[in-house]
Amino acid sequence: MTTPDTHAISLNPFNGQRIAEYPFDTAPALEESVAQGSAAFKQWRKTDIAQRASLLNNLATELRAAGEDIARMISREMGKPVKQARAEVEKSAGLCEWYARQGPAMLAPEPTMVDNGEAHIHYRPSGMILAIMPWNFPVWQILRGAVPALLAGNTFLLKPAPNVMGTTYLVKQAALKAGFPAGAFGVINVGNADVAALIADPRVVAVTVTGSVRAGGAIAELAGKSLKKCVLELGGSDPFIVLNDASLDEAVKAAVAGRYQNTGQVCAAAKRMIVEEGVLEAFTEKFVAATQALVIGNPLDDDTYIGPMARYDLRDELHKQVQDTLAEGATLLLGGEKIAGDGNFYAPTILSNVTPQMTAFRQELFGPVAAITAARDAEHAVELANDSDFGLSATIYTADLARAEQMTGELQTGGVFINGYSASDPRVAFGGVKKSGYGRELSHFGLREFCNVQTVWSNRK
């Protein structure tokens, strides 16, 4: 099954040096992982849910114990500033604890009154879930899929991004130390050629994917052929709407964090700044000044806010998008260039006078680039926000909360954040519409996504 002589390569984007190579799994090794996960399900599904929850609490403890090592590995492998990496590990530990505390009640049978008897809805585990995960949040992305799946009684077979294998193995080690049985949380290291066979394998019951639109479409097609359910969390070009009555200082602070956190490599980042004309000039001036103040440097330094981009090919792609947008008539206010040296740095960039026909408006900018577009009024801002192939999340900054609530019903996105930038949290559902994907992660929606929702109707006459 496996292409010979191929490896996953971990490359430090700060200096271009190779960290490690991880040979792809041989065909026998891959089969062993799949068989182990399938076999583990037969016992794991019968494990008392209180015990499953206890192991999640153990995992939180192990993540915190290894937190500094994991955070520094994240920084080395994909360039995330170490303070943000530490926050990712802590957030992931909190995810484990939240599901351990709240999840069992969400999986309890639900009684339903029916004629001539009594019915219950049960949430049964489905089997082994194949997860294809990205590199930008190499702990949080893994665990926000794995934790609810494991608590529900499923097993989890993970194919991580090849550039963060070191981080992935540290998470797997934490899961084993926490007491999860072998095969409950499996990791495979394979190329794309093996994915089709894995999806078709009857031991895999469903697929969850976070990645590009192209990857999501290809995997959804494969899953459809095998009649397998899949959850897709794909790209985003999230609008950040600023209305005339907004607090500009608060809006700018949120816009900078929402756009440049993780060096802009976030699906739900604030990518399109849609600003009402009355505050356009003032917002732009403040936004440029705040962006200029961001510290660029070694991701292992605590003061760094902007690290290198994770992959050199993606920096090249981002630069082309910027150049294309400028050629289409946009104005460059800041950045717009690769930073010289071995590191994979791209200067924090701001483009203004961006119109809906331009590349920066139509395509996802997966890096530290913001596009500013003028809106005539709130109605026009919503129209611009919806003029996108994507629909992950949106932000509205305004003092008029009633108007903001009305606008949320008009926005074609999976989430809307009023006076706060997009975020994911275990207490609320996360996911998108249109080409941002379908299905939901987190909350009770994510917990039940891969459950067999079974009706049991007793005493029916």
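This is a predicted model: local features need pLDDT of at least 70, side-chain atom pairs count only at pLDDT 80 or more; totals for chains, interfaces and linings use all residues.
Trainee: What makes a residue part of the lining of the largest pocket?

Mentor: A lining residue has an atom within 4 Å of a pocket point. For the largest pocket, 42 residues line the space. Gly211, Ser212, Arg214, Ala215 and Arg311 lie nearest its centre. The volume of this pocket is about 1,300 Å³.

Trainee: Why is the largest pocket said to lie between domain 1 and domain 2?

Mentor: Look at who gives residues. Domain 1 (7-234 + 435-457) and domain 2 (238-423) both contribute to the lining, so the largest pocket lies between them.

Trainee: Which helix gives the largest share of that lining?

Mentor: That is α8, with six residues. α7 (195-200), β8 (204-210), α8 (213-225) and α11 (312-327) each supply at least two.

Trainee: How many residues of each class are in the lining of the largest pocket?

Mentor: There are 23 nonpolar, 11 polar and eight charged residues.

Trainee: What about the second largest pocket? How do you know which domains line that one?

Mentor: Each of domain 1 and domain 2 gives at least three residues to its lining. The second largest pocket holds about 460 Å³ of space and has 25 lining residues. Lys91, Phe137, Gln261, Val266 and Ser424 lie nearest its centre.

Trainee: Which helix gives the most to the lining of the second largest pocket?

Mentor: α4 does, with four residues. By class, this lining has 12 nonpolar, eight polar and five charged residues.

How values were computed:
Residues are numbered from 1 along each chain as its sequence is written. Side-chain values use heavy atoms; hydrogens and water are left out. On a 1 Å grid over the protein atoms alone, a cavity is a set of points where a 1.4 Å probe fits but cannot get out, and a pocket is an open set with protein on both sides within 12 Å along at least five of seven lines; lining residues have an atom within 4 Å of a point. Grid points are joined across faces, edges and corners, and a volume is the space filled by probe spheres set on the points. Ala, Val, Leu, Ile, Met, Phe, Trp, Tyr, Cys and Pro count as nonpolar, Asp, Glu, Lys and Arg as charged, and the others, Gly among them, as polar. Domain bounds come from an automatic or database domain assignment.
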